[in-house]
Amino acid sequence: MNLLERFGIEPLLLVAQIVNFGIILFALQRFVYKPVLSMLKKRKDTIEESLKQANETKKLLEEAEEKQDKIIRKAQEHAAKILNDVKSQSKEVALELEEKAKKQAERILEDSRIQIIQETREAEKKLAKGISEMSLSLLEKSLKGLFTKNEEDEIIERALKNIKRSN
Amino acid sequence: MAIPIAAEPIFNIGSFSITNTLLDTLLIDVLLFALIIFISRGVKYIPGTLQNIVEIAVETYYNLIESITPKRVKEIFPIAMTFFLFILLINWSGLLPGVGTIGIFETHGNEKTLVPLIRAASSDLNLTLALGIISVFATHVMSIKFTGIKDYLSRYFSLNPINLFVGLLEIVLEFAKIVSFSFRLFGNIFAGEVVIFTVAGMFAFFFPLPFMVLEIIVGAVQALVFSMLTMAFMVIFTTPHHQDKHTAGQKLAAAV
C-alpha cells in the first residue's frame, strides 16, 4: 500500500482514467472510425467502378472507331465502284448516242437525197410538160394556113403521140 | 526542487481530488471530442484539410494492422488506434509551453515548490496503469470471444503438471504485462519530463530544444509501442491455443 501511495496511485483516479478512456474509445469508434472507414471504402469502390467503366468506355470507343473505319472504308470502296460503273455506263451511253446520231444523220441525208431526186424529177416533168405545151402551141401557130384543118389535127396528134412517147 | 512521482492535486470535488495530470487528460479529451464533433457532423465525399488528415491517419493505421492480422483487423483496429492517438496526444501535450511550468508555488517548511496546473498525464502512473489494465482486459475478453472459454482456460489450466506450472507462470505473466505496460510508458515520459526540467534549469533558452525533439520522438515511439504490443497480444490471444503453439513454433523456426 505504501508503494502504491508513493507512486500516487489512487483507486478513484484509476477508475476515472479507465472510464475516460472507455468513453473516448466508444466515441471515436462510433463517430470517427466507422464513418471514415466506410467513406474510404465507398470512395475506393467508386474509384474502382469508375476505372472499370473508363476501361469499358475506352474499349467501346476503340471498337466504335474500328467499326467507323470499316464503314468508311466500305463506303469508299462502294463509292469508287459506283464511280467506275457510272464512268463505264456514261461511255456506253455516249457511244450509243453517237451511233444513234450518226444513224439519224445518215437517214436524214438519205431522205433529203431521195427528196431532191423526186423534186428534180417532178421539176423535169413539169419542164417537159411546159416545153411540150409550148412546142404544141408553136406548132399550131406555125401550121396555121399551111395545112387543112384535118391535116393540122393529124400532125398535132402525131406530135402529141411523139411527145408522150418521149416522156 | 524536484518533480514528484505522484500527481499533485489542484482542487477537490468532494472526496475526489482533481490532479494536474487529470486536467491534462481532460484537455486531450476536449481536443479529441472537438475532432469527434467535427467528423460526426458529416464525412464528406470530397474531404477538406482536417478530414484528409484524419482519413490518412485512419487508413495508414488500418492498413498497418491489416498487414499484420487481416482476420481480426475490424476488432483490433479501434482499440489499437485509440491507444495510439490518445497516448500520442497525451505524451506530446507535456511538451506544450505552459504545461508543467505554469503553476502555484507551495511552501513546505523552508522548501518552496512549484505545483504545475497541468502536467503530462502519462507521467502519472494512474493513467498508464489504467491503460495497461484496459489493454490486458480487452485482450482477454477478445480471447474468450474468439477462441471460446474452453480454449481460453486451457491456456492456464491443464492436467499435465508441466503445463499446469506453465499455466501458473502465464497467470503471473499477465500481471507482469500490466506492470510492464504501465511502467514502460510512465518511465519514458516521466524520465523525459525530468530531463527537460533539469536541462531547462541549467539554461532555459535553446539548450532544452534537442531534448524536446527527442521527447517528440520518444512520445510517438511509446504510443506506437503500446498500441503495437496490445495488437500483438490480441493477435496471439485470438488464435486458438493449439494453433498458437504451432504458429509460434513455425515463427521460431523461421527466425532461426
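I began with chain B, where I find 8 helices and 4 strands, taking helices (H or I, at least four residues) and strands (E, at least two) as DSSP runs numbered from the N terminus. The model is a predicted one, in which local features need pLDDT of at least 70 and side-chain atom pairs count only at pLDDT 80 or more, while totals for chains, interfaces and linings use all residues. Residues are numbered from 1 along each chain as its sequence is written, chains are lettered from A and ligands numbered from 1 in the order in which they are written, and side-chain values use heavy atoms, with hydrogens and water left out.

**Entry 1, chain B overall**

Reading from the N terminus, I noted the order of elements in chain B as β-β-α-α-α-β-β-α-α-α-α-α. Along the principal axes, the C-alpha atoms of chain B fill a box of roughly 65 × 55 × 45 Å. Of its 256 residues, 43% count as buried, where buried means under 20% relative accessible area, exposed over 50%, and partly exposed in between (1.4 Å probe, protein chains only). I also looked up contacts (heavy atoms within 4.5 Å): among those in chain B between residues at least 6 apart in sequence, 65% join residues at least 24 apart.

**Entry 2, the interface**

How many residues does each chain give to the contact? I find 42 residues from chain B and 30 residues from chain A. The two chains bury about 3,400 Å² between them, 78% of it on carbon and sulfur atoms; this is the accessible area (1.4 Å probe) that two parts lose on being put together, summed over both. B:Y45, B:T82 and B:N126 supply 20% of the area that chain B buries against chain A, more than any other three residues.

For polar contacts I used pairs of N or O atoms within 3.5 Å; within protein, one atom must be able to donate a hydrogen and the other to accept it, and residues adjacent in sequence count only if both atoms are side-chain atoms. The rule finds 8 residue pairs in polar contact across this interface (both at pLDDT 80 or more). On the side of chain B that touches chain A, the elements giving two or more residues are β2 (16-19), α1 (20-40), α2 (49-68), α3 (73-93), α4 (125-147) and α6 (161-202). The residues of that side divide into 30 nonpolar, 7 polar and 5 charged, with Ala, Val, Leu, Ile, Met, Phe, Trp, Tyr, Cys and Pro taken as nonpolar, Asp, Glu, Lys and Arg as charged, and the others, Gly among them, as polar.

I then looked at B:T25, which is found in helix α1 of chain B and is buried, with a relative accessible area of 1%. Its side chain reaches the backbone oxygen of B:T21 at 2.9 Å, and a polar contact of 3.4 Å joins the side chains of B:T25 and A:Q17. Leaving aside neighbours within four places in sequence, B:T25 is in contact with A:Q17, A:N20, B:F86, B:I90 and B:A121.

Side chains of opposite charge can pair when their charged atoms come close. I counted a salt bridge where a side-chain nitrogen of Lys or Arg lies within 4 Å of a carboxyl oxygen of Asp or Glu, and the structure holds 7 of them over all chains. Across the interface of chain B and chain A the rule finds 1: A:R43 pairs with B:E55, the closest N and O atoms being 2.7 Å apart. Both A:R43 and B:E55 are buried.

Within chain B, the side chains of B:E8 and B:R119 meet in a salt bridge (3.2 Å, N to O). B:E8 lies in the segment before β1 (9-13) and B:R119 in the loop between β4 (111-116) and α4, so the pair ties together parts that are 111 residues apart in sequence. B:E8 counts as buried at 11% relative accessibility, and B:R119 is buried at 2%.

Which other residue does B:R119 meet in a salt bridge? I find B:E193, at 3.4 Å from N to O; B:E193 sits in helix α6, 74 residues from B:R119, and is buried as well.

α4(B) has 23 residues and reaches 32 Å from its first C-alpha to its last, close to the 33 Å expected at 1.5 Å a residue, the expected span being 1.5 Å times one less than the number of residues. Because 17 of its 23 residues are buried, α4(B) is largely enclosed by the rest of the structure. B:D124 caps the N-terminal end of α4(B), with a side-chain oxygen 3.1 Å from the backbone nitrogen of B:N126. Just after α4(B), B:G148 takes a positive phi of about 90°.
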